[in-house]
Amino acid sequence: VLSFPPVTLWLRAWARRIMGEVSEHHPSVLRNRGPIRDQLLTMLPSTPFQALEVASGSAGQLEVFAESFPHGTWQPSEYIPPQAKEGPGADLQTHVMTESYGSDALQRIDRLGGSQKFTNVLPAIALDASLPFEQWPVADKEGGYDLVYASNVFHISEWAVGQGLLLGAARCLKPGGLFVTYGAFKVGGD
């Protein structure tokens, strides 16, 4: 659930295509995924592990993680909004989100950095982190993950998503498991 107009996302993607940029990943993902991977290299085991990525987006980070950690099994996920209303008075924001991140978002993750590209990545799943953990599609794997990773979620999501992510990660992780998050955070108001 994004707190800013998703039309902005569509306009940015359209502008990048017109300007000839070919990457399907946001420039910040391309810029930050290497340094994030380098930090994960110091944190993750060299033995097999299970990882849940919450809000995989375009799979820009996943494609680097899957290649760098072939001994890890990665479960990507993405929020898929309810289907847009049709006709007069339809909710434009929901419609744009559905068009941009809806029915084909999971297939895009699988194609760009997921299960169609790497054997250690499972097919992407829809996950609404604002829901109670019992409604998460990975609830049957409670306590089964060594890593829960989320990037660029807290600063663009509603409060309920942040709360749900923290509570859900706690339920997903094995004892001693890692919850790693990256994003725009303020320290001391800056």
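Biologist: Is Asn152 buried, partly exposed or exposed?

Modeller: This is a predicted model, in which local features need pLDDT of at least 70, side-chain atom pairs count only at pLDDT 80 or more, and totals for chains, interfaces and linings use all residues. Residues are numbered from 1 along each chain as its sequence is written, and side-chain values use heavy atoms, without hydrogens and water. Buried means under 20% relative accessible area, exposed over 50%, and partly exposed in between (1.4 Å probe, protein chains only). Because its relative accessibility is 26%, Asn152 counts as partly exposed.

Biologist: Which loop holds Asn152?

Modeller: Helices (H or I, at least four residues) and strands (E, at least two) are DSSP runs, numbered from the N terminus. Asn152, not a glycine, has a positive phi of about 55°. Its place is the loop between strand E4 (145-151) and helix H6 (159-172).

Biologist: What is the phi of Ala59?

Modeller: Ala59 belongs to the loop between strand E1 (49-54) and H3. Its relative accessible area is 0%, so Ala59 is buried. Although Ala59 is not a glycine, its phi is positive, at about 70°.

Biologist: Which residues does Ala66 contact, leaving aside its neighbours within four places in sequence?

Modeller: Ala66 sits in helix H3 (residues 62-68) and counts as buried because its relative accessibility is 2%. Its C-alpha atom is separated by 6.9 Å from that of Val121, 55 residues apart along the chain. With contact meaning heavy atoms within 4.5 Å, the partners of Ala66 beyond those neighbours are Trp74, Phe118, Asn120 and Val121.
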